[in-house]
Amino acid sequence: MSINVLIADDHRVVRNGLRLLLEEQGDIKVVGEAVNGRDAIQKARELEPDIVIMDISMKGLNGIEATRQICKILPKTRVIILSMYSASEHVARAVKAGAYSYLLKES
């Protein structure tokens with residue numbers, strides 16, 4: 001059984017790099033990519049992924065609000081925030097929005 005993942009990040013190089021790293025694992029399938037928060041919500045609805053890897057800082061609708069909406073619409077989908085922001089207030093906002101996990105991009 002493979003894990004279906006949606007990647008939401010406004011930088012193509014990040015999306016491409018994550019796709020390569022994840023699909024190397026063999027049991028992970030990247031089913032879609034989103035370029036901003038609104039796109040992430042729409043694609044999550046369509047694809048119903050197991051996991052969404054979400055950037056916080058995107059134009060339009062940010063990753064925190066997109067996380068809140070995805071968690072409400074798809075309660076079984078886990079959102080993992082992948083961010084360059086290490087400040088505790090960002091982590092707290094992400095967890096409050098429903099994020100399952102918070103990882104730093106430098107990890």
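Analyst: A pocket is an open set of points on a 1 Å grid over the protein atoms alone, where a 1.4 Å probe fits and protein lies on both sides within 12 Å along at least five of seven lines. Its volume is the space filled by probe spheres set on the points, which are joined across faces, edges and corners. This is a predicted model: local features need pLDDT of at least 70, side-chain atom pairs need 80 or more, and totals for chains, interfaces and linings use all residues. Residues are numbered from 1 along each chain as its sequence is written, and side-chain values use heavy atoms, without hydrogens or water.

User: How many helices and strands are there in the protein?

Analyst: Helices (H or I, at least four residues) and strands (E, at least two) are DSSP runs, numbered from the N terminus. The elements run β-α-β-α-β-α-β-α-β. The count is 4 helices and 5 strands.

User: Which strands stand at the edges of the sheet?

Analyst: Strands pair if DSSP finds at least two bridges between them. Here 5 strands form an open, parallel sheet in the order 2-1-3-4-5. Each edge strand has a single partner, so one side is left without a neighbour in the sheet: these are strand 2 (28-34) and strand 5.

User: Which residue stands opposite Ile7 in strand 3?

Analyst: Strand 1 and strand 3 run parallel, joined by 4 bridges. Across from Ile7 stands Ile53.

User: Which residue in strand 4 stands opposite Ile51?

Analyst: Strand 3 and strand 4 also pair in the parallel sense, over 4 bridges. Opposite Ile51 stands Arg78.

User: What angle does the direction of helix 1 make with that of strand 2?

Analyst: Axes are lines fitted to C-alpha atoms, for helices over the stretch in contact (heavy atoms within 4.5 Å). Angles run from 0 to 180 degrees between N-to-C directions. Helix 1 packs on the sheet, touching strand 1, strand 2, strand 3 and strand 4. Its direction and that of strand 2 make about 165°.

User: Which strands does helix 2 touch?

Analyst: Helix 2 (residues 37-47) also packs on the sheet. Its direction makes about 135° with that of strand 2. It touches strand 1, strand 2 and strand 3.

User: Which element gives the most to the lining of the largest pocket?

Analyst: The largest pocket holds about 290 Å³ of space. Its lining, residues with an atom within 4 Å of a point, has 15 residues, with Leu18, Leu22, Ile53, Leu82 and Leu103 nearest the centre. Elements giving two or more residues include strand 3 (51-54) and strand 4 (78-83). The most, 4 residues, come from helix 1.
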